[in-house]
Amino acid sequence: MTMTQESRTAVAEDVEHVDVLVVGAGISGIGAGYHLLTQRPGTSFVILDALEGHGGTWWTHRFPGVRSDSDLFTFGYRFKPWRGPSIATSEEILAYLDEVVAENGLDRHIRYRHQVTSASWSTDDRRWTVEVTRGDTGEQLQFTTGFLWMCQGYYKHGEPYRPQWPGMDRFRGVVVHPQQWPEDLDHAGKKVVVIGSGATAATVVPAMAETAAHVTMLQRSPTYFIARPKTHELATTLRALDVPEEWTHEILRRQHIAEFNELARMSYEAPDELRTFLMESMRPQLPEGYDIEKHFTPTYRPWQQRIGVLPDGDMFTAIREGRVSVVTDTI
């Protein structure tokens, strides 16, 4: 049987059809919605998100000190000038996203607590069929679309990875995961061990050290870190001169890109020189005689993994003041 155009485009009454179905209302999904409105006016679209609000990663993660680990002039949207500090808190980023959603009327396109459970493509119908479960009512819904735009990110929001070690069942302290941080957790005056030394550890360690008795960062292998001002000096200069925010945003965007392009270039053209630069930039910020070679010298060359950014060198300050220790070993 040959299917007619009419049969291919017919949609059941209880199925919602849109031209574009976006999955995820985080940074990418909100950006997708903006560009659909501005570059494809008249296109029908819906943004689905399993969470109760938009923001994705910034909605899920509630651990102490949660912030960006890259600058907002390159991380933010080109169409929405960033007016805050280069390294921003979760609250500042969510407020920024709130403005994008409100200013462009994206709230009428977003469906919260709508979790995608399956998606199937029909070549004959040239259409995706997407099964969705509503988190608030348990209702099963079905959407069809010609274009499925996946903006869900890479986190498994409801089930983070939890490595297991022998003896954890006998541990009498509190074990928490940064992706599922209890709202009522009080770590003031307590000894804390943070396992790992990636971007999350670089954020949570100095934040917890403000009130904890002591924080130990336990790492299997070191990470490269570099201290950067929370607010770029050039931003302060441009704003003092009353330069329009759009110009400031673009100038700082280019400045940050140029700086990190130079780091990337050195990482493959002169990796030994870059390693020396990173080591020597850390040395004066740590206690005299500190074992940088053991705790802050990775086995890989710079930029084979991300270089961690420390706003105003906060973790180095906490180590220097004796509030944080680093242990390089295996559990």
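How many residue pairs are in polar contact across the interface of domain 1 and domain 2? The rule finds nine, both residues of each pair being at pLDDT 80 or more. A polar contact is a pair of N or O atoms within 3.5 Å; within protein, one must be able to donate a hydrogen and the other to accept it, and residues adjacent in sequence count only if both atoms are side-chain atoms.

## Basis

This is a predicted model, in which local features need pLDDT of at least 70 and side-chain atom pairs count only at pLDDT 80 or more, while totals for chains, interfaces and linings use all residues. Residues are numbered from 1 along each chain as its sequence is written, and side-chain values use heavy atoms, with hydrogens and water left out.

## Domains and their interface

The protein chain is divided into domain 1 (16–150) and domain 2 (173–328), with bounds from an automatic or database domain assignment. Taken over C-alpha atoms, the domain centres are 29 Å apart.

In domain 1, 23 residues are in contact with 27 residues of domain 2; contact means heavy atoms within 4.5 Å. The two domains bury about 2300 Å² between them, 57% of it on carbon and sulfur atoms. Buried area is the accessible area (1.4 Å probe) that two parts lose on being put together, summed over both.

## Nonpolar cores

A nonpolar core is a set of buried Ala, Val, Leu, Ile, Met, Phe, Trp, Tyr and Cys residues joined through side-chain atoms within 4.5 Å. Buried means under 20% relative accessible area, exposed over 50%, and partly exposed in between (1.4 Å probe, protein chains only).

The largest core has 65 residues, and those touching the most other members are Val205, Val215, Phe225, Leu286, Phe296, Met315 and Ile319. Leaving aside residues up to four places away in sequence, Val205 touches Val194, Val215, Met217, Met315 and Val324. A second, separate core of 10 residues includes Leu48, Val132, Phe143 and Leu148.

## Salt bridges

The structure holds 13 salt bridges, each a side-chain nitrogen of Lys or Arg within 4 Å of a carboxyl oxygen of Asp or Glu. Between domain 1 and domain 2 the count is two. Glu250 and Arg78 meet in a salt bridge at 3.3 Å, N to O.

Asp136 pairs with Arg134 at 2.6 Å, N to O. Asp136 is partly exposed at 41% relative accessible area, and Arg134 is also partly exposed, at 24%.
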